[in-house]
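Me: I would like to go through the labels attached to this model and see what each one rests on. Please set the values against the cut-offs.

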Amino acid sequence: MTTYHPKTELSGGYSGLKHTAKQIAEYLPNSKIYVEPFAGLGRVGKFSNSKTKIFNDMSDYAVYELRKKFPLSIVTQMNFEECILKWDSKDTFFLIDPPWRTPIYDNDKSFIDRTPKEYYQKIMEILPTLKG
């Protein structure tokens, strides 16, 4: 059996924030809880100083890698909406980076359940209700 590694020539590796994580991390606020509902490989989260870190992703590959990389963190594999609502609090910081290019997932769309536009629409509905 071949393990699926979501790599493309377009991204130069696993899709996500590989090339910008350190720059984004400079703007992370202090928070007790850090949550990435679309964690991928948690490239920004490794810079978080939060006591509790939650990494969520629907990809089996990402979850496997996250558990190896962040053994003291909580790694979940649930719908992003459930993850956000479960961990929402005044002490939570969310880094929300949903899929924005579906061709990256052409080899395995088993964990992509909508279009990028639909992800963003749902996120825009949820954001005004959050405490975090």
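**Helix faces and the sheet**

Reply: Start with helix H4: on the face turned away from its buried side sit the exposed residues Lys117, Met124 and Glu125. Exposed here requires over 50% relative accessible area. The model is a predicted one.

Me: Which residues of H4 are buried, and what makes them one face of the helix?

Reply: Pro116, Tyr119, Ile123 and Ile126 are the buried residues of H4. Viewed down the axis of H4, they fall within an arc of 85°, so they line one face. In general, an α-helix has 3.6 residues a turn, so residues three or four places apart point the same way.

Me: What do the buried residues of H4 pack against?

Reply: They pack against H3. The cut-off for such a contact is heavy atoms within 4.5 Å.

Me: How do you know that the buried residues of H3 are on the same side?

Reply: The buried residues in H3, which spans residues 80-87, are Phe80, Glu81, Cys83, Ile84 and Trp87. They cover an arc of only 165° around the axis, and that puts them on the same side of H3. Leu85 and Lys86 are exposed on the other side.

Me: Which elements do the buried residues of H3 pack against, and how does H3 lie?

Reply: Their partners are strands S3 (33-36), S4 (52-56), S5 (74-76) and S6 (92-94), together with helix H4 (116-126). H3 lies across S3, S4, S5 and S6, and runs at about 165° to S4.

Me: Why is Asn79 said to cap H3?

Reply: A side-chain oxygen of Asn79 lies 2.7 Å from the backbone nitrogen of Glu81, at the N-terminal end of H3. The limit for a polar contact is 3.5 Å between N or O atoms, and the pair at 2.7 Å is within that limit.

Me: Why are S5 and S6 called edge strands?

Reply: The open sheet has four strands in the order S5-S4-S3-S6, with parallel pairing. S5 and S6 each have a single partner strand, so one side of each is left without a neighbour in the sheet. From one strand to the next, the twist averages 15°.

Me: What makes S3 a partner of both S4 and S6?

Reply: Pairing needs at least two bridges between two strands. Four bridges join S3 to S4, and three join S3 to S6; both pairs run parallel. Val35 has Ile54 as its bridge partner in S4 and stands opposite Phe94 in S6.

Me: Are the side chains of S3 buried or exposed?

Reply: Ile33 and Val35 point one way from S3, Tyr34 and Glu36 point the other way, and all are buried.

Me: Why is the pair of Phe55 and Phe70 called stacked?

Reply: The count of aromatic pairs is six. For Phe55 and Phe70, the ring centres are 4.2 Å apart and the planes are at 20°, so the pair is stacked. The cut-offs are 6.5 Å for the centres and under 30 degrees for the planes. The pair links distant parts of the chain, 15 residues apart: Phe55 is in S4, and Phe70 is in the loop between helix H2 (60-69) and S5. Ring pairs also link Tyr34, Phe55, Phe70 and Phe93 into a cluster.

Me: Why do Phe55 and Phe70 count as buried?

Reply: Buried means under 20% relative accessible area. Phe55 is at 0%, so Phe55 counts as buried. Phe70 is at 9% and therefore counts as buried too.

Conventions. Residues are numbered from 1 along each chain as its sequence is written. This is a predicted model: local features need pLDDT of at least 70, side-chain atom pairs count only at pLDDT 80 or more; totals for chains, interfaces and linings use all residues. Side-chain values use heavy atoms; hydrogens and water are left out. Buried means under 20% relative accessible area, exposed over 50%, partly exposed in between (1.4 Å probe, protein chains only). Helices (H or I, at least four residues) and strands (E, at least two) are DSSP runs, numbered from the N terminus. The arc is that of the directions from the helix axis to the C-beta atoms. A polar contact is a pair of N or O atoms within 3.5 Å; within protein, one must be able to donate a hydrogen and the other to accept it, and residues adjacent in sequence count only if both atoms are side-chain atoms. Rings of Phe, Tyr and Trp (its six-membered ring) pair if their centres lie within 6.5 Å; planes under 30 degrees apart count as stacked, over 60 as edge-to-face and the rest as tilted. Axes are lines fitted to C-alpha atoms, for helices over the stretch in contact, and angles run from 0 to 180 degrees between N-to-C directions.
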